[in-house]
Amino acid sequence: MTAPRDDRGRSQGPLEGELRAELERLEQRGLRRSTERVSVGIDFTSNDYLGLARDPVVIAAARAALENEGAGSRAARLLSERLPSHELAERRVAEWVGSEAGLLFPTGYQANLGVVGALAGAGDLIVSDALNHASLIDAARLSRATTKVHRHLDLEHVEQLLVAGRGARRRLVLTEGVFSMDGDLAPLAELHELCERHNAYLVVDEAHSAGLLGPRGAGAFAEAMERGCGSERVAARIVTGGKALGSAAAVVACGSALREVLVQRARTFVFTTASPPAVAAAFAAAVERAAAAEDLRERCLAMARDLAHRLGLRVPAAAIVPLVVGHEGSALALAEVAERGGFAVRAVRPPTVPDGTSRLRLVAHAHNSVDETRELSELLARGWKDLAGVQSSPGPPPPPPPPPPLLSSTSTLQAPPSPAGPSRASSTTRSHSTSRSRPRPRPRPQSPARPDRPHPASSSPEPTPTSARQWSVPWHFTPPPGRGRPAIGNRCRPASIRRAPKRTPDRAEDRARRTRTTPSR
């Protein structure tokens, strides 16, 4: 039999055919991605919150390191010479966030894998938030520790899991400071208190909070410390360079003892080539620049509040404004509407987010303007109405209240309550795996609000128990008839404890079932 050939006439083996079939299935579901498609337009999608990727001071530092230390680091840190740029980045991050020491990793993903794997192993317990980043999920899996997943931001559930795992040698609680897809803030002070009470340790991924929150932009936990939270139970904070710092790499900010343990045991540090000098130097320069950039920080946060306000969404904790659409095709179509209007906006689909919660992950930056947020919000409103094909309101919407002062750090803008009703409920206990089922109804507790930016839940009605994750959406983003609200199922519940929904058969169906003859096999 002749082997199939590709479009260039080259023969394809069995594996090639299988992989192309998988890609075709992704294409049919609207889940296929491509590196060839580039968003062009006004940036509302990148994580360069402060615009430091193009900052002259950061670029000059990278250029100087490139000339003085070379293009690459040439080997892993334990095999190559000491490079000043690496030590400078570690020292500046430690001073910035107030830790005793720091250790540089090539990426934030590697930093999370390294620190969790060094701290936890067989016989230990890891308690992880249901919406943690994939790097924390993979770190927990690879550590071989017992991993329990708590409902998103549910402090009572965290405590239950810590109590149930009191026989473990060591217990870790993993969380993000600001969650990467939902943009909400973790209750870090309360988590630290639970760690103190139950002899556990906290690991905080500051990827989307460093540079934006806390004194001098030192992160979400620095903000909690400013309000009186202790730090004795914080094992590590991971500060990444690829977000607000506009560079790359990551530093694990920790105590000197943990730094030494990481040097001995963190496989993603020991067995990988170190970051190029130019990257480390840019990281160090960006830390210094971000710590002093109060004007950029305030403007970025103000733009995020303004964008959320115009879309009728909850007040964001930092720069991420998630606009949950639901269906993958609708999210792609709405992103295309924005791109045709001159805005760089990308749709986020499963597996990055759970099924049924595809969204536009809108990101505000210091370089965005009020006119741009207004134009984008109006464009998205018109695009959604066109996609829905119906008017989602019987009449013109009431004019929104005026937005807060854009450069005031004391703004108390309250997001308007959603006509959709309750806000999203949390997911249920599960392990980090891929099986799905419907979660047990349970309301989600509120996490502490910032004094200058109230927590998103603070302006919404008290949520009622529900088994689906519901999102507050504005009048002009009401889903089309028959589609319903986006819902998150239990993404990670083990198959052994999945529960099928109960259904009571009617009497006619019950009689037919009792009298039905079972065919022989």
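Helix 12 (residues 294-311) and helix 14 (residues 370-388) have axes that come within 9 Å and cross at roughly 30°. Angles under 35 degrees count as roughly parallel, so helix 12 is roughly parallel to helix 14. The model is predicted. This briefing covers that helix pair, then a sheet and the helix across it.

**Helix 12 and helix 14**

- Two packed helices are described by the angle between their axes and the distance between the axes.
- The crossing of helix 12 past helix 14 is right-handed.
- Helix 12 makes the contact through Met303, Asp306, Leu307, Arg310 and Leu311.
- Helix 14 contributes Val370, Thr373, Arg374, Leu376, Ser377 and Leu380.
- The residues of this contact divide into 6 nonpolar, 2 polar and 3 charged.

**The sheet**

**Strand 9 with strand 12**

- Strand 9 and strand 12 (residues 358-363) run antiparallel.
- The two strands are joined by 6 bridges.
- Gly326 has Ser358 of strand 12 as its bridge partner.

**The helix across the sheet**

Terms used: Residues numbered from 1 in each chain as written. Predicted model: local features only at pLDDT ≥ 70, side-chain atom pairs only at ≥ 80, totals over all residues. Heavy atoms only, no water. Axes fitted to C-alpha atoms, helices over the stretch in contact; angles between N-to-C directions. Helix = DSSP H or I, 4+ residues; strand = E, 2+ residues; numbered from the N terminus. Parallel < 35°, antiparallel > 145°, perpendicular 65-115°, else oblique. Left-handed = near helix turned anticlockwise from the far one by under 90°. Contact = heavy atoms within 4.5 Å. Nonpolar A, V, L, I, M, F, W, Y, C, P; charged D, E, K, R; others polar. Pairing = 2+ DSSP bridges.
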